[in-house]
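Student: I would like to learn how to read a protein model, one feature at a time. Could you take me through an example?

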Amino acid sequence: MMQTGIRVTVVFSPRARVVQEVEVRLPAGATVAQAVAASGWMEQVGKTAEGAPLLGVWGAKASPAQVLRDHDRVEIHRPLTVDPKVARRARFVRQGARTAGLFARTRPGSKAGY
């Protein structure tokens, strides 16, 4: 007997180091938007400027209309609060200059981290 439904895992991280995961059963041909709605997390999900959550399937950016396959992993991403480049520079300044390795030689007058 052939099953017509698919199982999808929906993952959401409301804050750093906290991950919530739920498995939902959907009909074949279901979309990413249907999986997120079935998870019950729509009211918890942070919105982007466009009003839609940032979505992905197995780490790759996905549209809400993307059709899912059995055992896919739908990820609901939070918007970035800090630019990764700025965070890296600040972390480098806090840690101080290194005496060996990649940061042993710097160009005169360059920014920290370059």
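Predicted model: local features only at pLDDT ≥ 70, side-chain atom pairs only at ≥ 80, totals over all residues.

Student: Which way do strand S1 and strand S5 run, and how many bridges join them?

Tutor: For each pair of strands we ask about direction and then about the residues that stand opposite each other. Strand S1, residues 5–15, runs parallel to strand S5, residues 73–77, and four bridges join the two. Within this pairing Val10 stands opposite Val74 of S5, while Phe12 has Ile76 of S5 as its bridge partner.

Student: In what sense do S3 and S5 pair?

Tutor: S3 and S5 are paired in the antiparallel sense, over four bridges. Leu55 stands opposite Ile76 in S5, and Leu54 stands opposite His77 in S5.

Student: How many bridges join S3 to S4, and how many residues lie between the strands of their hairpin?

Tutor: Two bridges join S3 to S4, and these strands run antiparallel; one of the pairs is Val57 with its bridge partner Ala60 in S4. The hairpin of S3 and S4 has two residues between the strands, and in this hairpin Trp58 takes a positive phi near 55°.

Student: Which residues of H1 are buried, and where do they fall when seen down the axis?

Tutor: The buried residues of H1 are Val32, Ala35, Val36 and Ser39. Seen down the axis of H1, these buried residues fall within an arc of 95°, so they line one face of the helix. What covers them includes S1, S2, S3 and S5.

Student: May we turn to single residues? Is Thr31 buried or exposed?

Tutor: To judge this, we look at the relative accessible area and call a residue buried when the value is under 20%. Thr31 has a relative accessible area of 17%, so Thr31 is buried. Thr31 is found in the loop between S2 and H1, and, with its neighbours within four places in sequence left aside, Thr31 is in contact with Pro64, Ala65, Gln66, Val67 and Leu68.

Student: And is Arg25 buried or exposed?

Tutor: Arg25, which has its place in strand S2, counts as exposed because its relative accessibility is 54%, and the cut-off for exposed is over 50%. Arg25 and Ala38 are 13 residues apart in sequence, and their C-alpha atoms are 8.5 Å apart in space.

Student: Last, the charged side chains. Which side chains meet in a salt bridge?

Tutor: Side chains of opposite charge can pair when their charged atoms come close. This structure holds one salt bridge, in which the side chains of Glu75 and Arg73 meet at 3.1 Å, N to O. Glu75, found in strand S5, is buried at a relative accessible area of 13%, whereas Arg73 is partly exposed at 27%.

Student: Which residues is Glu75 in contact with, leaving aside its neighbours within four places in sequence?

Tutor: Glu75 is then in contact with Val11, Leu54, Leu55, Gly56, Trp58 and Gly59.

Technical notes: Residues numbered from 1 in each chain as written. Heavy atoms only, no water. Pairing = 2+ DSSP bridges. Buried < 20%, exposed > 50% of the residue type's maximum accessible area, 1.4 Å probe, protein only. Contact = heavy atoms within 4.5 Å. Salt bridge = Lys/Arg side-chain N within 4 Å of Asp/Glu carboxyl O. Arc of directions from axis to C-beta.
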